[in-house]
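Please read them with the coordinates open.

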Amino acid sequence: MNHLLVAIVAIVVMFAVLRRQLGAVASIIALVALTVFAFYLRSPLIGLVLMIGAIGVVLAGLPMFRQSWLTPKIFSVFKQVAPRVSPTEQMALDAGTVGWDGELFSGRPDWAVLLSNRYEGLSGEEQAFLDNQCEVATSMCNDWDISVERADLPQAVWDYLKQERFFGMIIPKAYGGLEFSAKAQSAVLQKLSVNVTLGVTVGVPNSLGPGELLLKYGTEEQKDYYLPRLADGREIPCFGLTGPRAGSDATSIPDTGIVCKQKINGKEVVGLRLNFEKRWITLAPVATVVGLAFRLFDPDGLLGDEADRGITLALLPRDTKGMEIGRRHHPIGSPFMNGPIKGKDVFIPLDYIIGGEAMIGQGWRMLVECLSVGRCITLPSSASGAGRYVPALTGGFARIRRQFNLPVADMEGVQDPLARMTSLAYISRATVDHTANMIDRGEKPSVPSAILKSQLTEFQRVIMMDAMDVHGGRAVTLGPRNYLGLSFSATPVAITVEGANIMTRSLMIFGQGAIRCHPYVLAELEAKNADDVKAFDKAFFGHLGLIAGNVARSISAGLFVPTGRNPFGAAAAPYARAVNRFSAAFGLLSDVAMTSLGSTLKQREMLSARLGDILSNLYLLTMVLKQWHEGQRLPGEEELMRHSAEFLLMRIEDAIIGLLDNLPNRMLALALKPIIMPLGRKWRGPTDDLKRSVAKGISTDSPLRSFMMQGTWQTWQEGQQDNPLARYNALLKDNARAHALYKTVDKAYAKGELPMTALHPEQRFEAAASAGLISADDAAFMKTYEKEVLEMLTVDDFAFEEPAKDKSLVIQHN
């Protein structure tokens, strides 16, 4: 009996030491105390094992001993097997900052790091712009007119965007810009995203491009000239990076700039001769100034001894001799301005280089540093904006559309996608808002930017597909009345640009995060590069302590022993505990994958993608918990928060199981499973009750629906373009009265109290009023209500030849 007691006490004490990562000294003290305890209770064998353990920790755990015999041997092996970080990868690693993503990698996230940055909303000036200028801009846009009739924004919209300085949100007021916060930029783009062309047209000048590059790296002369002109729309910018042979692998650009001399006005000038071919460049057809990325070479040594100077960025006016610009691509679903740019033997002076000669060869660093912020805002905000508008439209449609004598919103087959759409929208909103808040606090979240771009645009794809499914025939028939079809077909654009989602998920999120966010890996690699054995010793043995701590935390959390601090209330606490647990599991799995696969992990993209999925869903879940923690907690929001959290936790467990099932070292995978999931999987997704609750909230005139629509275009006035959401909102306000009348009349018809020929709703309500079953006022109300319902259900039709672009090719079949 004493032996069992000693063993239990030893396990509990050492687990406590390891879970808290108290270090070698604490472990030695604990082992010595346990040794004394074992001998005191007459368990000499266990005492001997504990004594040997204490000696082993002294020799291998204390720097004064291990650095003389153990560390040099490990360092020698590490230098042979550690992956080489290319200069391009190093630039990407150096860009941005590590914040909350690093806490998730640590295995024991400090929630104070996240919750200390409370989301305080927009300034009064920013909110006024959102409520007024953004409202006007959206109300001027009609998707059919823009996408089909004119393939462009109306001139009045272009003029208004310039007049109100929409293109200058990131430009300081000193240069005539709006100088908005990241939160405000995001809120503006979320609102404008109700029209894809409008959102892209405003988003691109405020994202990665000439404006941001000039702000951070431009010379004073470049800033003074261009920034005021960009702010008020006199200059429309574009940026040429991608081309026929360089898409996601942007560093492989074959476009060149050769340092040379050329006579201009009789004077010999040193400059660059550019040859380039760019594709898919947004705003290029209408741009007045072109940002250009190219590889710069100095074969004659005019600027120095180095021939290959690296990727460099320059600004070219539209009328630069030899540059071909103006032709258009035709992006799927949306006619936003996008096209090719070409140039052959285009000569530019050196002062066209962004930042001047000092920034030659710094182009890739400049781009990735800007991308860490811009990619957090533009596309994720557009995805979140669609998540506010489209589920609200779909909920309104599902409530007024009746089949089998009940609203389709009450059918469980429809409630499932309605709940899923709303949950994805809630996750997207929380993630975009709180990440933008981090940016305003000075962070440059490079890894979260990849998470937001890939995950939220995928959510947008699911939202659009679910919306199409619920709308059915209402959405598959194109025409001016169809408010979904064109946006749906434009969805792949967001999936593809700014780093294709396939690549971002498979290579970027974990590939960058494993080095950038891990508490010790980057320090180990830097020690290797510097050949610094002491720095390596500190990092490597800290790393071992982290692994041991994550093993202990994973096992104990899997057995329902809480790990880490939990600052949340009862509703959110279980999900915060799950974050603590899976953070430890993720840290352990990351170390196992990197150790067992080494440099080949780069090629095992499906495994890397699953590790990225775990990190991504942990990040998204913590944003949801932060939103709930700081929010108003409206009626119905708890169910939505729970639905979102359980959906994300299901995805985390799916990724873990998929990783363990496919880890090449099967013995290792079998050993890990009882550590990470000792009792099997727990999270199987939201319950049907949660789905029903969320679906009802988004499809009725409820506080939850109002909350989900905040910041999107909900209004309509005479003279503005039609807003279907405003019309659905008006119908939902009357729906409770209408629903009661539907029940009364449908029941009467089923009993034979109304004429059997009263097949149309209008006929039934008129007959019911005549029979005294409802009042004349109710009948008049329903006549008006049904007229608006029918208007919202009606689709377009056209003259026989109208859909054909070339009418001369139309065959008159009849």
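1. Valine 497 has a relative accessible area of 36% and is therefore partly exposed, since that class covers values between 20% and 50%. The residue sits in the loop that joins helix H21 (485-496) to helix H22 (501-516). Its C-alpha is 8.4 Å from that of serine 248, although 249 residues separate valine 497 and serine 248 in sequence. As with everything below, this is read from a predicted model.

2. Two backbone angles deserve a look. Most residues other than glycine have a negative phi. Tryptophan 280, however, has a positive phi, near 60°. Tryptophan 280 belongs to strand E3 (residues 267-282) and is partly exposed, at 47% relative accessibility. Aspartate 531 also has a positive phi, near 55°; it is located in the loop between helix H23 (521-530) and helix H24 (533-558).

3. The salt-bridge count is 34. One of these pairs is arginine 229 with glutamate 235, where the closest N and O atoms are 2.9 Å apart. Arginine 229 is partly exposed, with a relative accessible area of 22%, whereas glutamate 235 is buried at 7%.

4. Aspartate 410 and arginine 399 form a salt bridge with an N to O distance of 3.0 Å. Aspartate 410 is in the loop between strand E9 (406-407) and helix H18 (412-440) and arginine 399 is in helix H17, so the pair ties together parts eleven residues apart in sequence. Arginine 399 is buried, with a relative accessible area of 7%, while aspartate 410 is partly exposed at 33%.

5. Aspartate 796 is paired with arginine 481, with 3.6 Å between the closest N and O atoms. Separately, a network of salt bridges links Asp416, Arg420, Asp466 and Lys691.

6. Which residues make the nonpolar surface patch of about 880 Å²? They are Phe39, Leu48, Met51, Ile52, Ile55, Leu59, Met64, Phe65 and Trp69. Helix H3 (44-61) and helix H4 (63-69) are the elements that give two or more residues to the patch, and H3 gives the most, with five. Methionine 64 is in helix H4 and counts as exposed because its relative accessibility is 66%, the cut-off being over 50%.

7. Two helix pairs are worth checking by eye. The axes of helix H25 (residues 573-597) and helix H26 (residues 605-630) come within 10 Å and cross at roughly 160°. That angle makes H25 roughly antiparallel to H26, and their crossing is left-handed.

8. The second pair is helix H17 (residues 363-400) and helix H31 (residues 724-733), whose axes come within 9 Å and cross at roughly 45°. H17 and H31 are therefore oblique to each other. H17 passes H31 in a left-handed crossing. Helix H17 also holds arginine 399, the partner of aspartate 410 in point 4.

Methods
Residues are numbered from 1 along each chain as its sequence is written. This is a predicted model: local features need pLDDT of at least 70, side-chain atom pairs count only at pLDDT 80 or more; totals for chains, interfaces and linings use all residues. Side-chain values use heavy atoms; hydrogens and water are left out. Patches are made of residues with over 30% relative accessible area and no salt bridge: like charges are joined within 9 Å, nonpolar side chains (Val, Leu, Ile, Met, Phe, Trp, Tyr) within 5 Å. Accessible areas come from the Shrake-Rupley method with a 1.4 Å probe; for residues, only the protein chains shown count as cover. A salt bridge is a side-chain nitrogen of Lys or Arg within 4 Å of a carboxyl oxygen of Asp or Glu. Helices (H or I, at least four residues) and strands (E, at least two) are DSSP runs, numbered from the N terminus. Buried means under 20% relative accessible area, exposed over 50%, partly exposed in between (1.4 Å probe, protein chains only). Axes are lines fitted to C-alpha atoms, for helices over the stretch in contact, and angles run from 0 to 180 degrees between N-to-C directions. Angles under 35 degrees count as roughly parallel, over 145 as roughly antiparallel, 65 to 115 as roughly perpendicular and the rest as oblique. A crossing is left-handed if the near helix is turned anticlockwise from the far one by less than a right angle, and right-handed if clockwise.
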